Amino acid sequence: MRLGFNLISIIFVLHCNVKAPNQNVFDPTNIVGSSAVALLGLGLGDELTITSRYKQNDYPIFVKTEYLDLDLSAPAANYFSKANFKISDPYQNDLILRDVFPLSDSRLRVLFSVSSRSEWREPVLLSITKPETMNEFSFPGKQFEFRFPYPRFYGSISEAKGKITTSILNDGRIILVGGINPSGATLSTVEIWDPETGVSKLLPSLNEGMTGLSICVQKTGKVFVSGGKTVAGNVSASTQISDKIYSIDPSSETVTELSFRMVRRRFGHSMVCLGDGSILVSGGQFQVGVDPSAITKDHELISLAGNSSVLLDGSSDFPIGIIFHATEYDEANSRILYFGGRDRIDPYAFFSNIIYTINTNNFSLTSLLGNFATARSNVTNLKMPNIDRVLFGGMNREGTGSKAIESWNESLSSTTSLGFTSRFKNGSAIVRFSDEQVFFTGGVDTYYKSGILEIYDHFERKNYIVDTMMSPRSEHSAFLTTKGIVIFGDSALTDTRVEVYGKD
């Protein structure tokens, strides 16, 4: 922007310190052609802006890869050098500036050495000053602010337990149903934990101790859970698998066992609250046994208005029995996507790498093109901004987690390997951290319980270790809240405290 009072403007030195979200410099979209950032410019020549891909809640990749790429709005990269950059006190010895050089006329790369970041509780500011030789553009200076999460305890749940059925509610609170305590007993507890206060409130209990229920939350805010089992290990009687359905109302704090039951007992099944108010449950173990005969391939539709549940006809069935599969409800396209799963719970299980979809209008089942390279169960799938569905974690043989990170692009009908986590993630909790970043918390790394925190960055297509948890955990839960990522539960840990990995 040219100004009519350049002589006056030369006197001013203005630094832009971005703090408010609507002034945020960390915008991952600007590298591919857009930016919400504008630097204020006073001086001779056109305005020069410098932007980074990172949003306020992102984790800057330079913590691991030791570089930060900056985009310039004009071909001025060759003017900048290391002398124009400074790291704020007291972090110069932790984040050491090594070099600055152009990647192109309008892109800079800043190289760092990261010696330590365990105590980066205050913001790290990277200041940029105008090169003395740059006269073609006005540039009063720039500051990028990076805030890093750190682990701490924040509140607690009602009792020590793991393998809890959990979900985030429409109002941001977290519901916990059932689970297993450190003594190996299943629990009937229902509670709601509030991330704003760290306080958990007990609701009325289930009618029996359960673990492995399936859960879904309606648009109205009501919660439904179904199935599960009454024992921690393999069932020895079919009656240890439940066919009950419970309605939980977080507003009235009531827990009600419905007057009707599912057609089949189910454990390890999926449950989706559909937009019309009905519920679809799919697959799972329905009777005693570890071979495929104990696993069902059918679906049943629960009508809350009609107080009934009916099996769908055979045209909806999976080709094989499926247990421990993941779902995505794509309401806009009237379908449910199914990822992974296995056909039995013994060491000879067949693991699925096929993507199935069921049409929620006519409940016809089809398989989609593009099989994953890694067949696995207990997988976590997340949809990324570029429409990739990325699969994380899971099991690919009995007792062994998968390190593979793979994506599926539906429009290309293809899958892509994106690398591997640094550790096996059997029993890990995997949760979105920002639009393109995903956190792995804990898990079992072959023989030992892990306290490692890893993050996968889908823009960079890289995975790296960023920190350690307060306590190693597996069979636990993690959710992104307004306070950061909250982590709780472990069936062998007697500590009831909740960890939070946040920035405040």
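Guide: The protein chain has 47 positive and 53 negative charges, and their mean positions are 2 Å apart. Lys and Arg count as positive here and Asp and Glu as negative, while His and the chain ends are left out of the count. Each charge is placed at one atom: NZ of Lys, CZ of Arg, CG of Asp or CD of Glu. The model is predicted, so local features need pLDDT of at least 70 and side-chain atom pairs count only at pLDDT 80 or more, whereas totals for chains, interfaces and linings use all residues. Residues are numbered from 1 along each chain as its sequence is written, and side-chain values use heavy atoms, without hydrogens and water.

Side chains of opposite charge can pair when their charged atoms come close. Such a pair is called a salt bridge when a side-chain nitrogen of Lys or Arg is within 4 Å of a carboxyl oxygen of Asp or Glu. The whole structure holds 29 salt bridges. Some residues share partners: Glu208, Asp243, Lys244, Glu257 and Arg261 are linked in a network of salt bridges.

Two further terms are needed for the separate pairs. Buried means under 20% relative accessible area, exposed means over 50%, and partly exposed is in between, with a 1.4 Å probe and protein chains only. Helices (H or I, at least four residues) and strands (E, at least two) are DSSP runs numbered from the N terminus. The protein chain has two helices and 41 strands.

Glu406 counts as buried because its relative accessibility is 3%. Arg376 is buried too, with a relative accessible area of 1%.

Asn378 lies in the loop between β26 (365-368) and β27 (380-383). Its phi is near 55 degrees, a positive value in a residue other than glycine. Asn378 counts as partly exposed because its relative accessibility is 35%.

Next, Arg461 forms a salt bridge with Asp388, with 3.7 Å between the closest N and O atoms. This pair links distant parts of the chain, 73 residues apart: Arg461 is in the loop between β37 (452-457) and β38 (462-468), and Asp388 in the loop between β27 and β28 (389-392). Arg461 is partly exposed, at 35% relative accessibility, whereas Asp388 is buried, at 5%.

Arg389 and Glu410 also meet in a salt bridge, at 3.7 Å from N to O. Arg389 lies in strand β28 and Glu410 in the loop between β31 and β32 (414-420), so parts 21 residues apart in sequence are tied together. Arg389 has a relative accessible area of 2%, which means that it is buried. Glu410, at 27% relative accessibility, counts as partly exposed.

Some figures for the chain give the setting. Of the 504 residues of the protein chain, 54% count as buried. A contact means heavy atoms within 4.5 Å. Among contacts between residues at least 6 apart in sequence, 54% join residues at least 24 apart. Along its principal axes, the C-alpha trace spans about 85 × 45 × 45 Å.
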